[in-house]
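Trainee: Could you show me how to read the strands and sheets of a model that is new to me?
Mentor: Gladly; let us look at it together.

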Amino acid sequence: MSQNFATTGTIAAIATAIAPQQGSVGIVRLSGSQAVAIAQKLFQAPGNQVWESHRILYGYIRHPQTQQTIDEALLLIMKAPRSYTREDVVEFHCHGGIMAVQQVLQLCIENGASLAQPGEFTLRAFLNGRLDLTQAESIADLVGAKSSQAAQTALAGLQGKLAQPIRQLRNQCLDILAEIEARIDFEDDLPPLDCNYIIQEFAKIASEINRILATADKGELLRTGLKVAIVGRPNVGKSSLLNAWSRTDRAIVTPLPGTTRDVVESQLVVGGIPVQVLDTAGIRETEDTVEKIGVERSHKAAQSADLVILTIDASQGWTFEDKEIYEQVKYRPLILVINKIDLIDLPDIPSPKEINQIVKTAAAKNQGIEDLETAILQIVQTGKVTAADTDFAINQRQAAALLQAKTSLTQVQTTIEQDLPFDFWTIDLRAAIHALGEITGEEVTESVLERIFSKFCIGK
């Protein structure tokens, strides 16, 4: 495979997030056969420092023609195959900030390196057998993790906890294929194939595929997070709820209705799940042009949210306006928050019986936030998108390949039941093997690789 998709030449890229005047260290990474030679042109190490693998050198990066000093830096050398890409890799550890690293990168390119494409370092690691495809994708997930649980799940994938069961399934299919093909070639010399045994094996494989597919929703939730919209009438305490929940003053709070004119966003983590909370403008009829735009955006936010928090004022009870808003959002997963319970001693407020998640809060006094988070996690669990720990969680590409494998195996069983010749069995069985191979990278096309690695940052 690496011969089909081999990348040649030496590549270079900035491997750290760089912002102007920020960051203490910036790294420029090179990988390829000329990496060490380029470093020797640019880096001057005073004294008798030895240029050998896995050693850090101290010195200066200088322009090879003018000898102008670009930066005082460290140089890390990692020769093949003991490197991330299994090629010769060097890293210039420069002072942070945008100018130093950009000048060093430009020097590397002027002296023979090419600017790396997105994900090209990890692509080379995959092509050179350093990683399988599930591990490569886990690296991207780890870099982009929005919560500690997402990071742990990505790390499990990087450690091979997804690849192992996928390879086992593929090997089981290959063993069955070998048995079938042996009967095609040497039918007279071998005992008859036990069809019941084959069907039982397919059932076991399908069961394991279903178990792995069950992690897809969790994987999507951990990667993209949960979008939650706080909606309600003006002045019911939506902004106070956001501020109490996020422990910030993201939203302006005043006693005046209609203070919030636009959607205010905050990023939180609830039970290990990233949550994007949207505080929306109070929904009401208005002639104010700006407020009218805010109300329209509130409607759109509610319709696009994974979960809606309908907030009402305890001191006013369930009003006609609350009912109207409820009718607009009741088809979304919904939690009713009765806010301002500190202002009045009120019995249970009548509300639609369809609402089974009701939380009482006093946002201005930071009361009820834990109950709200518990209710959110219960909604998630009810939707069978579990927030509990699992060894791994598959992504959409992997889920699609698993579904293809499952469909192909089901077709094989149909073929067996129809008593068709062995040659027909092998067609769909090979398709299942191919689909499983696409997950780990044993069988993958260049277009799939381009699609996967184009999502990476350039330095990775």
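**Reading strands and their neighbours**

Mentor: This is a predicted model, and we can begin with strand β1 (residues 11–14), which pairs with β7 in the parallel sense over two bridges. Within that pairing, Ala-12 stands opposite Leu-115 in β7.

Trainee: In what order do the seven strands of the open sheet lie?

Mentor: The order is β3-β4-β5-β6-β2-β1-β7, and the pairing is mixed. Because β3 (43–44) and β7 (114–115) stand at the edges, each with a single partner strand, one side of each is left without a neighbour in the sheet.

Trainee: Which helix packs on the sheet and touches β1, β2, β4, β5, β6 and β7?

Mentor: That is helix α2 (residues 98–110), whose direction makes about 15° with that of β2. Helix α3 (residues 120–127), in turn, lies across β1 and β2 and runs at about 135° to β1.

Trainee: Which way do the side chains of β12 point?

Mentor: In a regular strand the side chains alternate between the two faces of the sheet. Here Leu-334, Leu-336 and Ile-338 point one way from β12, while Ile-335, Val-337 and Asn-339 point the other way, and all are buried.

Trainee: Which strands pair with β12?

Mentor: Strand β11 (residues 307–313) pairs with β12 in the parallel sense over six bridges, with Leu-334 as the bridge partner of Val-308. Strand β13 (residues 358–360) also pairs with β12 in the parallel sense, over three bridges, and there Ile-338 stands opposite Lys-360. Finally, β11, helix α11 (residues 320–329) and β12 make a right-handed β-α-β unit.

Methods. Residues numbered from 1 in each chain as written. Predicted model: local features only at pLDDT ≥ 70, side-chain atom pairs only at ≥ 80, totals over all residues. Heavy atoms only, no water. Buried < 20%, exposed > 50% of the residue type's maximum accessible area, 1.4 Å probe, protein only. Helix = DSSP H or I, 4+ residues; strand = E, 2+ residues; numbered from the N terminus. Pairing = 2+ DSSP bridges. Right-handed = clockwise from strand over helix to strand, strands pointing away. Contact = heavy atoms within 4.5 Å. Axes fitted to C-alpha atoms, helices over the stretch in contact; angles between N-to-C directions.
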